Amino acid sequence: ADGTVAWYTFSGFRRYHAECHVCHGPDGEGSTYAPALKKSAVDMDYYDFIDVVTNGRTKVGASQQSVMPAFGTNPNVMCYLDDIYIYLKAHGSGAIARGRPPKKASKPETAREFENACMGN
């Protein structure tokens with residue numbers, strides 16, 4: 001009610017804008033370079049999302065070719081992949097508005113522990 005989002009949603013927003021928005025546009029709105037994610041993420045299966053981000057994807061058609069690079073070795077993406085997925089689902093479904101969430105819940109200790117382990121700290 002007051003605009004506070006879960007930590008994982010906020011983390012996903014931050015990581016999306018650090019790694020993904022360059023191609024897919026702010027808030028997953030798309031660009032001339034890459035498709036919008038906010039709508040496709042709502043319908044995309046979790047495991048398909050993981051596969052595409054980890055391994056990349058190439059689509060070749062009569063009128064276009066698109067290449068999604070693999071991010072499987074990038075810890076700034078892979079350690080926060082669930083957060084990015086949560087953020088895209090929340091934004092795509094209309095649960096959160098476009099732009100930086102105005103408030104965030106505190107970072108859970110389990111998130112801190114996972115982050116440290118994943119990043120090798």
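I take helices (H or I, at least four residues) and strands (E, at least two) as DSSP runs, numbered from the N terminus. By that count, Ala90 lies in helix H6.

**Entry 1: the model.** I note that this is a predicted model, in which local features need pLDDT of at least 70, side-chain atom pairs count only at pLDDT 80 or more, and totals for chains, interfaces and linings use all residues. Residues are numbered from 1 along each chain as its sequence is written, and side-chain values use heavy atoms, with hydrogens and water left out.

**Entry 2: the fold.** I looked up the elements and found seven helices and four strands in the chain. Their order from the N terminus is β-α-α-α-α-β-β-α-α-β-α. The chain is as compact as a globular protein of 121 residues, because its radius of gyration of 15 Å is close to the 14 Å of the globule rule. That radius is taken over C-alpha atoms, and the rule is 2.2 Å times the number of residues to the power 0.38. Along the principal axes, the C-alpha atoms fill a box of roughly 50 × 35 × 25 Å.

Entry 3: I count a contact where heavy atoms lie within 4.5 Å. Of the contacts in the chain with a separation of 6 or more, 61% join residues 24 or more positions apart. For burial I use relative accessible area: buried is under 20%, exposed over 50%, and partly exposed in between (1.4 Å probe, protein chains only). Buried residues are 32% of the 121 in the chain. The chain exposes about 7300 Å², of which carbon and sulfur atoms supply 54%; the areas come from the Shrake-Rupley method with a 1.4 Å probe, and for residues only the protein chains shown count as cover. I also located the charges: the mean positions of the 13 positive and 13 negative ones are 7 Å apart. Here Lys and Arg are positive and Asp and Glu negative, while His and the chain ends are not counted. Each charge is placed at NZ of Lys, CZ of Arg, CG of Asp or CD of Glu.

**Entry 4: the cysteines.** I define a disulfide as a pair of cysteine sulfur atoms within 2.5 Å, and the structure holds one. Its partners are Cys79 and Cys118, with sulfur atoms 1.9 Å apart. The disulfide is left-handed, because the torsion about its S-S bond is about -90°. The pair links distant parts of the chain, 39 residues apart: Cys79 is in the loop between helix H5 (75-78) and helix H6 (81-92), and Cys118 is in helix H7 (residues 109-118). Cys79 is buried at 7% relative accessible area, whereas Cys118 is partly exposed at 32%. I then checked Cys20, which is in no disulfide; the nearest cysteine sulfur is that of Cys23, 8.7 Å away. Cys20 is buried, with a relative accessible area of 17%. Cys23 is likewise in no disulfide and is partly exposed at 27%.

**Entry 5: two single residues.** I found Asp27 in the loop between helix H2 (21-24) and helix H3 (40-43). Its phi is near 60°, a positive value in a residue other than glycine. Asp27 counts as buried, at 5% relative accessibility. I returned to Ala90, which is buried at 13% relative accessibility. Apart from neighbours within four places in sequence, Ala90 is in contact with Thr9, Ala95 and Ile96. The C-alpha atoms of Ala90 and Asn116, 26 residues apart along the chain, are separated by 25 Å.
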